[in-house]
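Trainee: I would like to go through the terms used for this model and check each one. Where do we start?
Mentor: With the picture, and then one term at a time.

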Amino acid sequence: MVVSSMASPLCTCMFQTPGRKMMPNSSKCRNRGGFKSMMNHIESFEEFFGTDSRRFCIFGSSRTRRLISRASSSEEVMAKKKPLTEQRRVVVTGLGVVTPLGHDPDIFYNNLLEGVSGISEIEGFDCSQFPTRIAGEIKSFSADVWVSPKISKRADKSMIYTLTAGKKAFADGGLTEEVNRGLDRSKCGIIIGSALGGLKICTESVAALNVSYKKITPFYVPYVSTNIGSAILAMDLGWMGPNYSSSAACATSNFCILNAAYHIKKGETHMMLCGGSDAAVIPLGLGGFSACRTLSKRNYEPTKASSPWDTNRDGFVIGEGAGVLLLEELEHAKRRGAPIYAEFLGGSFTCDAYHVTKPHPDGAGVALCIEKALEQSGVAREDVNYINAHAASTPTGDLKEYQALIRCFGMNPELKVNSTKSMIGHLLGAAGAVEAVATIKAIQTGLVHPNINLENPDEGVDMEVLVGSKKECLDIKVPQWFWPGLYNHQKNPSDRHICLEAQEQHEFTNNWNFFDNILALLVPIPVNPWCPSMVISSIAPPLCTWLVAACMSAAYEKGDHMRSSRFQPPKRLSYWARRKTLLSKCSIGGGTDVLPAKEAMTKKWPPTEKKRVVITGLGVVTQLGHDPDIFYNNLLEGVSRISKIEGFDCSQFPSRIAGEIKSFSADGFLTPKISRRAHKFMIYTLTAGKKALTDGGITEEVLKELEKGKCGIIIGSALGGLRIFAESIEALRVSYKKMNPFCVPFGTTNMGSAMLAMELGWMGPNYSLSSACATGNFCILNAAYHIKRGDAHMTLCGSFGAAILPIGLGDFSACRILSKRNNEPTKASRPWDINRDGFVIGEGAVVLLLEELEHAKRRGATIYAEFLGGSFTCDAYHVNDPHPDGASFALCIEKALAQSGVAREDVNYINAHATSTPTGDLKEYRALIHCFGKNPELKVNSAKSMIGHLLGVSGSVDAVATVLVVI
């Protein structure tokens, strides 16, 4: 039997339930009515994953609770190995930026080389009440060529920057409208993230709500979410591949770039636009960071305010902008004659899991991330001689980052380190992508930009390592850019590291981060005879790393692939002489032998063995109960918990009903301190996460024995911390001093994952995703792929939502999409019923524990299901309505079935997304019948008829309902 759970039909996951011997005395073996039509098909299984008794779940996850056999019950079947898959190669073919120093990559980098500062007094609003009145503000900007007047009028600056930088990267990659029409657009995706999303539109909506919900823009809900930029860009381009946003504080861009590259490597896409955008230079952003006490107050000399590693630094300077890269599969790029900048080699994600505001004293997360990235790329640490550091000018963060870098790379006497933030400030979620562009331009030019304002270096800082006050020529071998994290207020540093062959750039996060770290390694294409081959690394928070290698001579010999450069350094050794020297030191792709020129572009990466992923734990916080069995029993009995809202006065709203959680206690799961400070969304997340651990048999004793660097957390949200932003906006009307000092970290969507990692000490991949009601599915699918790639042994994944509050209800009311059946709330949510008049908003959190099969077997875990594969697609049609012909639904289903090896006629049960909307339900139903209607046993239902629409939690909660169906 095959079962399907649909959160949003544009993200498909396939799971196979393990066979098991039914326990004859178990109450869970009864045919329990409710979903009887499906339950009649359940048989006892004799072996785990037996081929005669398989169950699959599409669009969600499936689980068979505790009545299944232990993981060791069928060694022969479980020893089956997944087939090897060939690695595809990924290259960078386009760049786009919007920054305080220019909106063209060449102009931007030329200003960096000249030491021009883009930091100045804020002009966009009256900031006299704030202690900080300076920023890396974009003064002169026009999106007329790139964004329609209608969108420009409605959208937040963050979204406008995303669209502009994305289309600039698109054009820079040689893509025209004519070329775009000839692409397989189902193989083209977009992942552009944001740390804080649409703060301006949030501010305007809260102010409007003080008058009436009718004054709120009906576009608030879609436009405030962090994935709206990616969504609108997909609609403009018609790209139907993976489309979502990542959020991991200032490591956001790197997570987007790294995940985009892996979509290409997996064969899901041919090309991806990826990067980050933020526009927090507004009263709410400035007030929030001022309340955190993390900003520089050097208002009298703004150009000197951002001074990484200088003893007189007093905090960072907030900036704004966007950076987008066009990544492409190598053979695809070659076939269309695309210009190629660099090749992506690999990457790594880690999490500091130490403190909300401070990096780990010994830099453990950073070192772990760097080691993993170098290992994946095959690059020796002594070959890294250039790092574009994260250094944001914070009192403790800069020095700790420097010390960690020196420990890792200090043995190289040629090592040079600089920080782009000395000139543009901290661009938050856009920092990683913008500094990635700077690193790539450094490869092109053979020049590294100066560290301005470094007049009195910290004690212990070697000025021979730090770039001076003038640009320098450098034979970059392996450059890196590195971002350790964003907020000194966040404890979950995610590290990222990137390597390019030619230059190294390292970038760390502030001491007040979510410490999400990334390291990336890239190898550049030689664009001029004087430009060497090199590997470069860019570091955002140092806990997420990606690596790239240069596409060398094949592109060089074919001149139409080459990029031109406006910057001509002094005459040096010929390119061929320097390349021979450099290639003797580092290989491309991690091999031990240097590749001849023509082979560099045709080399195939060795195939890798697919790891198998299983579900071993589940945690829920819902209206129908906070235990999976209680929750599902209520579903089976047809219990509706949709009722009148009691949490606040909602008399002004046309809809006064919701799937509200009435009775809930986090005692035993959260400390009193966290319970007092945190808002509902975080409390729900932490509780559901810890319930999943308990359900998975992870006790404190077991937890101590786990390899923490291989345990990750990916828990997303559609709307994040609406309440804390709404409260902060109201407090700001009095004074920024009245704002919660934790408003910035606690308001971001990745804070739940961050706090959970800190409590557990888990240092594996840690970030948040956002993709409207498909959020939960995207998190589950990405978590599974981290395990398949070997990034993690186990991952907590799922989603949360808590939008039942005045701003949430007001926003959805303004959109006119909620049911107004206030007199009979239990009948308000009625999918497919002719009298349906809209959906009912709900709240809650659901978390699954995914685990690598062999790891689960070794610890004797109970196994509920196996993850088989999945698919991402994007409708690319409209903000609110699905495409009339359901083409993207069918596309996603076909891809998921192909990956899993399941025939469509084997699917006989579907837990549909159906939310009770007038047009969406019917279009979804027609698409499902088109795909699966030939099965005479097909049954379809929707859990939302009883719990309402849990927004970003929908995918996760429907996955649980689908799993429990098969018991």
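**Checking the terms**

Trainee: Why does Arg-723 count as partly exposed?
Mentor: The relative accessibility of Arg-723 is 39%. Buried means under 20% relative accessible area, exposed means over 50%, and partly exposed is in between, with a 1.4 Å probe and protein chains only. Arg-723, at 39%, therefore counts as partly exposed.

Trainee: What do these values rest on?
Mentor: This is a predicted model, in which local features need pLDDT of at least 70, side-chain atom pairs count only at pLDDT 80 or more, and totals for chains, interfaces and linings use all residues. Residues are numbered from 1 along each chain as its sequence is written, and side-chain values use heavy atoms, with hydrogens and water left out.

Trainee: What makes the contact of Glu-727 and Arg-723 a salt bridge?
Mentor: A salt bridge is a side-chain nitrogen of Lys or Arg within 4 Å of a carboxyl oxygen of Asp or Glu. For Glu-727 and Arg-723 the N to O distance is 2.9 Å, so the pair meets the definition. Both residues lie in helix α24 (residues 722-732), four residues apart, about one turn of the helix. An α-helix has 3.6 residues a turn, so residues three or four places apart point the same way. Glu-727, with a relative accessible area of 37%, is partly exposed too.

Trainee: How many salt bridges does a search of the whole structure find?
Mentor: The search finds 31. Arg-89 is in the loop between β4 (84-87) and β5 (90-98), while Glu-343 is in strand β12 (residues 342-351), 254 residues apart. Both Arg-89 and Glu-343 are buried.

Trainee: How do you know which strands pair with β8?
Mentor: Two strands pair if DSSP finds at least two bridges between them. Six bridges join β8 to strand β10 (residues 271-279), and these two run parallel. β8 also pairs with strand β9 (residues 243-247) in the parallel sense, over two bridges. Ile-191 has Cys-274 as its bridge partner in β10, and Ile-190 has Asn-243 in β9.

Trainee: What makes β8 mostly covered?
Mentor: Six of the six residues of strand β8 (residues 188-193) are buried. Cys-188, Ile-190 and Ile-192 point one way, and Gly-189, Ile-191 and Gly-193 point the other way.

Trainee: Trp-309 or Trp-832: why is one called buried and the other partly exposed?
Mentor: Trp-309 is at 0% relative accessibility, so it counts as buried. Trp-832 is at 31%, so it counts as partly exposed. Trp-309 has a positive phi of about 70 degrees although it is not a glycine, and Trp-832 also has a positive phi of about 70 degrees without being a glycine. Trp-309 is in the loop between α11 (283-292) and β11 (320-329), and Trp-832 is in the loop between α28 and β29 (844-852).

Trainee: How do you know that the reach of α30 is close to what is expected?
Mentor: The expected span of a helix is 1.5 Å times one less than its number of residues. Helix α30 (residues 887-900) has 14 residues, and its reach from first C-alpha to last is 20 Å, close to the expected 20 Å. Just after α30, Gly-901 takes a positive phi of about 75 degrees.
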